[in-house]
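Q: I'm new to this one, and I'd like to learn how to read it. Could we go through it together, one feature at a time?

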Amino acid sequence: MEELDPDHNGYIEMWQLETLLKEMVNAEDGTTRLSNRTETLTRAMIPCKYRTPIRKFVSKTTEFVYDKWKKIWIFVLWLAVNLILFIWKFLQYKEKPAYEVMGSCVCFAKGAAETLKFNMGLIVLTMCRRTLTMLRGSFLSQIIPFDDNIHFHIVIAIGVVIGTFIHVGVHVTCDFPRIISCPTEKFMATIGPGFNYHQPDYLTLVKSTAGVTGIFIVLIMAFTFTLATPHFRKSIVKLPSPLHHLAGFNSFWYAHHLLIVAYFLLIIHGYFLFLTKEWKNKTTWMYLIVPLMLYAFERTHPSFRGKDHRVSIIKAIIYTGNVLALYMTKPPGFKYKSGMYIFVKCPDISSYEWHPFSITSAPGDDYLSVHIRTLGDWTTELRNIFAKACAPESAQPRRGSLVRMETRASSNYDHSKPSIKYPKILIKGPYGAPAQSYRHYDVLLLIGLGIGATPMISILKDILNHMKMESPQQTLSEIESFNSSRSSSDEDKKGPERAYFYWVTREQASFEWFKGVMDDIAEYDRDGVIEMHNYLTSVYEEGDARSALIGMIQKLQHAKNGVDVVSESRIRTHFARPNWKKVFSQLALTHQSSRIGVFYCGSPTLTKTLKTLCQEFSLNTSTRFQFHKENF
Ligand SMILES: Cc1cc2nc3c(=O)[nH]c(=O)nc-3n(C[C@H](O)[C@H](O)[C@H](O)COP(=O)(O)OP(=O)(O)OC[C@H]3O[C@@H](n4cnc5c(N)ncnc54)[C@H](O)[C@@H]3O)c2cc1C
Ligand code: HEM
């Protein structure tokens, strides 16, 4: 109770205070002692700033380490390896004759070069997607943060930039001038043999094989790195046709492939050295061979990269809100976990572009589905060609303004007698993504912003499929077929017992493509395992009297028959942005001492808020919130 010092009152929100008072008044023994539940709430409400600075620092650090220990140890290991390689090479060159001419400069240049070799090898490993997907399923995922491969890729790239600056900078501004100006006798006696006893001038050094390859590597890297920055990667720069395919993400993608030339040049660069003549000391290729071969193998070998599967489209639906849903046949032996994604190619649009999409069907379903939002050139063209294929069959406007074109190759997913000629679609994958670890938690908080609901749909369907399998109506063959479609690592995991889904969308039209899942939930989820909320943010601003009014009507309807008036299902519709603090507080109260997996997919703007809330509530309550995010 002493924590509820009047000084602190200003920091307790009204609704929290109400809950607290209610708890106290309702206390069974008639006293005003705080129950465990209330204590948890109280602790959640008292801001950290009222603790002593040292306690605050210690608890924040503890939570930070607890939350990020996988990333921390990998990062520290990476730094340590870089440092060890640098120091090892530095000390080695201190003992060499070159040191007499160039002093510490040569040590710095060679130390940096050693880290460059290591990082150029490692950076490719972070992009070996098949290998990473396989490793995610192993015990290694408990100590290695595979979800962060792209972040780590970028961290290593920063390491490469730093290494390149040191290596090139020191060579050009210190080593070269010292070689050129070295007294001839000293030059001949020390590094002369490396230069065939010809003391070089600046131009000779630049024109040498090492010099020319070095310049090209730097140029390619500068170009590639610039186009890889988020500004260029995400920019929707429009170029005139036929160059329009080269803008935005594609420019990043093609530029990245120039790095193949950079690797080729790097191997040559590392071979034609002035100061190292013995074969065994030319180690560049040794660092690169394994990662490059593994990556090349993944990209080219069908058994490893997984075949490009040609799939038949069973059903295509175009919803308002510009979402295209594709239901396709599941290739034989295609196993995946909810949360994973596949690459999709449509040769009618481009014969070389593959685009990633989260799988929205559940592992137990006998079909495969993706939901694709129209965003740029490729997705717009895909939508258009499917609209064309769908148009003659049916284009039935439903429910007033909702436009929904649905066609099926044939009914009941029987794709043996296709009646519509759909565009050819190829898929490859599946590939691992953060959301796939949802089965490790008893309680889930799933948050999707707009199209970011896609990985969550698959998770909800999977939870439902498990419920269906536990229901007494299931036949043995249905259970067997369900089990055979799941990956073996999942079979022994119990999976979540409770899931809360928060879906934030701009307008109500988006409901359409989610309706099927919601209907299923209503039918099978008798125990209310899944609680779904939809926040419509474009209706009225938060706090607007109209939002409050609609909200009240909603609540009454819901209480009366359990069905929401807007979604016509068990999903609860709200007309404002969610109050995330309230959501977390309530979860912390309901699931004390539990581990809650928080899975977020959507724009990065909300990432920080959710991450901070996870940390804050893990620190201040007995509930642990573990944050996983995916941005597309
Ligand atoms: C793991 C993952 C899962 C995704 N799941 C879904 C989903 O379920 N539903 C959905 O609608 N969208 C999803 N996306 C986003 C989808 O891939 C892009 O919207 C689509 O590729 C855009 O292509 P475009 O040419 O029409 O647009 P563009 O204007 O070319 O690109 C728009 C943005 O999409 C991204 N992008 C474009 N091409 C690619 C590519 N080949 N690979 C990776 N990113 C690319 C870039 O960030 C780019 O800035 C996912 C993305 C990722 C990385
Ligand atoms: C030496 C430098 C680099 C090398 C060798 C390299 C190599 C690669 C490779 C092999 C891939 C995988 C391509 C595939 O899907 O098969 C990749 C993807 C990627 N790289 Fe790099 N890269 C380098 C630098 C950078 C830099 C500087 C950045 C950003 C600042 C960057 C950002 C990315 C991103 C974001 C992806 C993933 C794209 C996606 O799948 O969405 N890379 N890189």
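Q: How far does a polar side-chain atom of T379 lie from an oxygen atom of ligand 1?
A: Bear in mind that we're looking at a predicted model. A pair of N or O atoms counts as a polar contact if they are within 3.5 Å. Here the polar side-chain atom of T379 is 2.5 Å from an oxygen atom of ligand 1.

Q: Which other residues make contacts like that with ligand 1?
A: Look at both side chains and backbone. The side chain of H355 has an N or O atom 2.6 Å from an oxygen atom of ligand 1. P356 uses its backbone instead: an N or O atom there lies 2.8 Å from an oxygen atom of ligand 1.

Q: How many residues surround ligand 1, and which are the closest?
A: There are 22 around it, and H355, P356, H371, R373 and T379 are the closest.

Q: Let's move to ligand 2. What holds its iron atom on the protein side?
A: With a metal, look for the donor atoms. The protein donors here are the NE2 atoms of H153 and H256, lying 2.0 Å from the iron atom of ligand 2. H153 sits in helix α7 and H256 in helix α12, 103 residues apart, so this pair links distant parts of the chain.

Q: What geometry does the iron site have?
A: Count the donors, then check the angles. The iron atom of ligand 2 has 6 donor atoms, the angles among them run from 86 to 179°, and the site is octahedral.

Q: What kinds of residues make up the shell around ligand 2?
A: Sort them by class: 14 are nonpolar, 2 polar and 3 charged.

Q: Which helix gives the most to that shell?
A: That's α7, with 4 residues. Other helices supplying at least two residues each include α5, α10 and α14.

Note on methods: Residues numbered from 1 in each chain as written. Chains lettered and ligands numbered in written order. Predicted model: local features only at pLDDT ≥ 70, side-chain atom pairs only at ≥ 80, totals over all residues. Heavy atoms only, no water. Nonpolar A, V, L, I, M, F, W, Y, C, P; charged D, E, K, R; others polar. Donors = N, O, S within 2.8 Å, 3.2 Å for Na, K, Ca; no water. Tetrahedral: all angles 85-135°; square planar, octahedral: opposite > 155°, others 65-115°. Near = heavy atom within 4 Å. Polar contact = N/O pair within 3.5 Å; in protein donor to acceptor, adjacent residues only side chain to side chain.
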